[in-house]
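Here are my notes on the model you sent over. Have the structure open while you read, and click along.

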Amino acid sequence: MTPDDHATAAADLLNAERTGRQIGLLTLRHPDMGMDDAYAVQNAIYRQKLAEGRRVIGWKIGLTSKAMQYALNIDIPDSGILFDDMLFDHGGSIPKGRFIQPRIEAEIAFVMKAPLSGAKVTRDDVIAATDYVAPSLEILDTRIRRVDPDTGKARTVFDTISDNAANAGVVLGADRHPVDAFDLRWVGALTFRNGEIEETGLGAGVLNDPVESVVWLARRMAQYGQSIEPGQVILSGSFIRPVECPPGTDIHADFGSFGSVDIRFDG
């Protein structure tokens with residue numbers, strides 16, 4: 001792909017977000033598309049959103065579980081950018097029509113108190129830079145069709161990364177904990193949709209330990225000259241499968257003594 005191709009794909013994705021009309025798979029449009037192309041498209045979206053007045057409030061990490069990596073035939077996580085208009089209140093609601101095909105995932109969020117960067121970031125560095133951890137929900141959306149209707153081809157990780165790693169929103173629970181207050185591998189969630197249990201999981205599903213997920217992010221960002229800044233929110237990766245959230249959906253994620261998170265999708 002050329003820089004013009006990256007810019008065109010980014011513009012198409014931004015238009016899809018504004019209009020609610022999905023675009024076709026970028027990997028069909030550009031069969032030779034690779035990982036660097038995907039992040040170049042994401043970066044073009046980032047630059048345009050900043051130009052429109054948006055502010056970066058953090059980062060999300062995806063594809064941290066073996067199940068999702070196997071499903072997409074990839075052996076590394078991916079990442080996306082959290083912007084200020086993506087933050088929703090615990091117990092609040094999402095207006096109807098805000099998203100195209102929203103889904104949620106349960107995650108442990110890290111909120112940072114110090115910068116974090118470099119190719120040699122360690123687990124101890126992450127712990128030292130973390131202000132607190134909290135229960136959270138990530139809202140996913142897709143501005144790219146999940147499956148091409150003509151060929152039956154499913155989107156790949158390159159489509160997803162281009163689409164800001166399918167990122168659309170974040171909901172933080174009210175509870176705040178020191179990063180070492182829990183063994184995060186054993187922090188789990190019972191995730192309910194409209195009062196019925198849908199998914200369960202444990203933090204260990206995220207690269208064996210959510211702290212290691214943040215290590216991965218900091219090292220990957222160093223490759224692109226980026227860093228994690230104080231005050232930013234890091235969504236460390238889901239330990240449940242995505243839960244579909246059509247209009248009229250109530251979500252309750254019970255993290256036990258770690259806290260809970262609630263959000264409603266208006267019908």
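Predicted model: local features only at pLDDT ≥ 70, side-chain atom pairs only at ≥ 80, totals over all residues.

1. Residues are numbered from 1 along each chain as its sequence is written, and side-chain values use heavy atoms, with hydrogens and water left out.

2. Let's start with the overall build. The protein has seven helices and 13 strands; these are DSSP runs, numbered from the N terminus, with helices being H or I of at least four residues and strands E of at least two. Its radius of gyration (taken over C-alpha atoms) is 17 Å, close to the 18 Å from the globule rule (2.2 Å times the number of residues to the power 0.38), so the protein is as compact as a globular protein of 267 residues. The C-alpha trace spans about 50 × 45 × 35 Å along the principal axes.

3. Next, the contacts. A contact means heavy atoms within 4.5 Å. Among contacts with a separation of 6 or more, 75% are between residues 24 or more positions apart.

4. Now look inside. A search of the whole structure turns up one cavity of 30 Å³ or more. On a 1 Å grid over the protein atoms alone, a cavity is a set of points where a 1.4 Å probe fits but cannot get out, and lining residues have an atom within 4 Å of a point. The largest cavity holds about 70 Å³, a volume being the space filled by probe spheres set on the grid points, which are joined across faces, edges and corners.

5. Who lines the largest cavity? Its lining includes Leu13, Glu17, Ile45, Lys49 and Arg143. α1 (3–19) and α3 (35–51) are the elements giving two or more residues, and α1 gives the most, with three.

6. Most residues other than glycine have a negative phi. Leu63, however, has a positive phi of about 55 degrees, and Leu207 has one near 50 degrees. Leu63 sits in the loop between β1 (56–62) and α4 (66–72), while Leu207 is in the loop between β9 (196–202) and α7 (210–223).

Conventions: 1 Å grid on protein atoms, 1.4 Å probe; cavity = no way out; pocket = protein on both sides within 12 Å on 5 of 7 lines; lining within 4 Å.
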